[in-house]
Each structure stands twice: as C-alpha cells, then as structure tokens.
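Please look over the sequence and the model before reading on. The points below are meant to be checked against them.

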Amino acid sequence: MNDVSATVLVLLGLAALAAGFVDAVVGGGGLIQLPALLLGLPNAATVQILATNKVAAFSGTTVSAATYYRRIRPDPKTSLPLMLFAFAGSAAGALVASQIPRDAFEPIVLVALIVVGGYVLFKPQLGEATALRFSGHRHTVAAMGTGLAIGFYDGALGPGTGSFFVITLVGLLGYSFLEASAKAKLANWATNLAAILVFAPQGAILWEVAVVMGLCNVVGGYVGARTAVSRGTRFVRIFFIVVVSAFIVRIGGDVFGLWT
C-alpha cells in the first residue's frame, strides 16, 4: 500500500471517534468504522482492513470496558464465561476471516438487525430491569453459547457485534440494557483481543492507520461509556433503537444497491 494521506487519516479518525461513542453505548461501532476503512483504503486487502479495524476497536473497547466495570461491577459468574468463550469463538472466526466474502454476511446481518430492532421496539418493557431467564448452570451455559457464537462472527467479520451481544443478553438472558451493555463491552474486548492475536503474526495490521484510529476510538469510547452510565437504561434503549435503525438503512441500501 502507498502511504495514507493526511486527509484520509483525519477522516478515518473522525469515523473512529463516532464509532467509539456508539460502540460504548450500544455496540455496533464497526458498522461505522469498517465501511470508513473500506472507502479510505481502497487498495488494502480484506484481511488488512479487518485487522486494522480490530486494533482501533480494541483501543476504545479497553477504555469503555474499564469504565463500565468500575461503575457497574458486572457479575463475574456471567461475564467471565462469556468473555472466555467469546475469545475462543473470535480466534476461530479470525482464522477463517480471509476466506469469507463480505457479501455473504450483509444480508444475514440485515435480517438480524431488523428482527432485533423490531423486537426491542415493540416490547417497550424489555430491558428496563434485570429479570434473569435462567439460573445456575443453565445461565452459565447460555452465556457460554452467546459468547462462542457471537465471538465467531466478530472474528470473521465483526460489524454489529456489540449490538448482537447487547440484545442477546437482554432478550435471552434477561439483563437490563445498562447491565447488558457492561457485559457486552467485556465480551467485545475479549473478541477484539483474540482477533488481534491471530492477525498480528500475519503482518496484516496497518499500524499508522490503526494508531490514529485507536486514539480517536479511545476518546469516543470513554465519552460514550460515561454517558451511558450517567443516563441509565432508558437512554441506552432509545439509543439502541436509533442506531439499529440507522444500520438497517445503511446495510439495506448496500444489499439492494441503493447507494451505488
């Protein structure tokens, strides 16, 4: 690749800033950051785009996860199994990332976003308070399955991962939106780390771009996490609906060729 221009770096940094904020509140920052990388680096290989995106996302996720952990204190009996299996799933997904075309994922992601967005919109009481669906061993198994499945998706492609973690923790396990966001951040931190450990030895990371975007993502992640914690569950729910709706429009336009 040729050197990236200063203008492109600034624009990618702004995209990372917005992605960090969105990702910290409800997840899904990759749906902002990944398309920005694809547009800004048209000559980069797919694996380079994915790897660089992971480094930037990991930077912001580290800060937002730490902020959530200090203020929410998520239960380790759920968060640790979720993180471990998310790490394993992401590592497996990253190993096959370069073999999976992005076009195969977009229709699936679109359908999933429509389903989860509609589910949240038409169930106004969903996620207002924690009311766990399972207890004991069944709860742990559900957390492990969630981590493994969504972790694999994140390692292989990634856009929308945080949102999928949030809605699964709310809809399947019964957490409030705020608690789900805290656990989702920890799991997303683990998936990003696993993918980086797979991508880095391949020399796939574009470090100049990754460092700039990572710093911007940190700022966005910090502001987003503090905003979510201070505003509470209602804010996170509304923000979730708005962000998912925007993602549906953007990805739907890609799938049906409206933006070309």
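This is a predicted model: local features need pLDDT of at least 70, side-chain atom pairs count only at pLDDT 80 or more; totals for chains, interfaces and linings use all residues.

1. Helix α3 spans residues 46–72 and helix α8 spans residues 177–199. The two pack at an angle of about 145°, and their axes are 7 Å apart. The crossing of α3 past α8 is left-handed. Sorted by class, the residues in this contact are 17 nonpolar, six polar and three charged.

2. The annotated segments. An unreviewed UniProt entry carries the annotation "transmembrane region" for residues 48–68, 80–98, 104–122, 143–173, 193–223 and 235–259. This label comes from the record.

3. Two of these segments in the model. Residues 48–68 are 100% helix and 0% strand, with the end C-alpha atoms 30 Å apart.

4. A residue in α8. Is N188 buried or exposed? N188 sits in helix α8. Its relative accessibility is 3%, and buried means under 20%, so N188 counts as buried.

5. The surroundings of N188. Which side chain makes a polar contact with the side chain of N188? That partner is D154, at 3.4 Å. Leaving aside residues up to four places away in sequence, N188 touches D23, T61, D154, T161, G162 and F165.

Terms used: Residues are numbered from 1 along each chain as its sequence is written. Side-chain values use heavy atoms; hydrogens and water are left out. Axes are lines fitted to C-alpha atoms, for helices over the stretch in contact, and angles run from 0 to 180 degrees between N-to-C directions. Helices (H or I, at least four residues) and strands (E, at least two) are DSSP runs, numbered from the N terminus. A crossing is left-handed if the near helix is turned anticlockwise from the far one by less than a right angle, and right-handed if clockwise. Ala, Val, Leu, Ile, Met, Phe, Trp, Tyr, Cys and Pro count as nonpolar, Asp, Glu, Lys and Arg as charged, and the others, Gly among them, as polar. UniProt positions are given in the numbering used here, feature names are shortened, and annotations may be inferred rather than shown by experiment. Buried means under 20% relative accessible area, exposed over 50%, partly exposed in between (1.4 Å probe, protein chains only). A polar contact is a pair of N or O atoms within 3.5 Å; within protein, one must be able to donate a hydrogen and the other to accept it, and residues adjacent in sequence count only if both atoms are side-chain atoms. Contact means heavy atoms within 4.5 Å.
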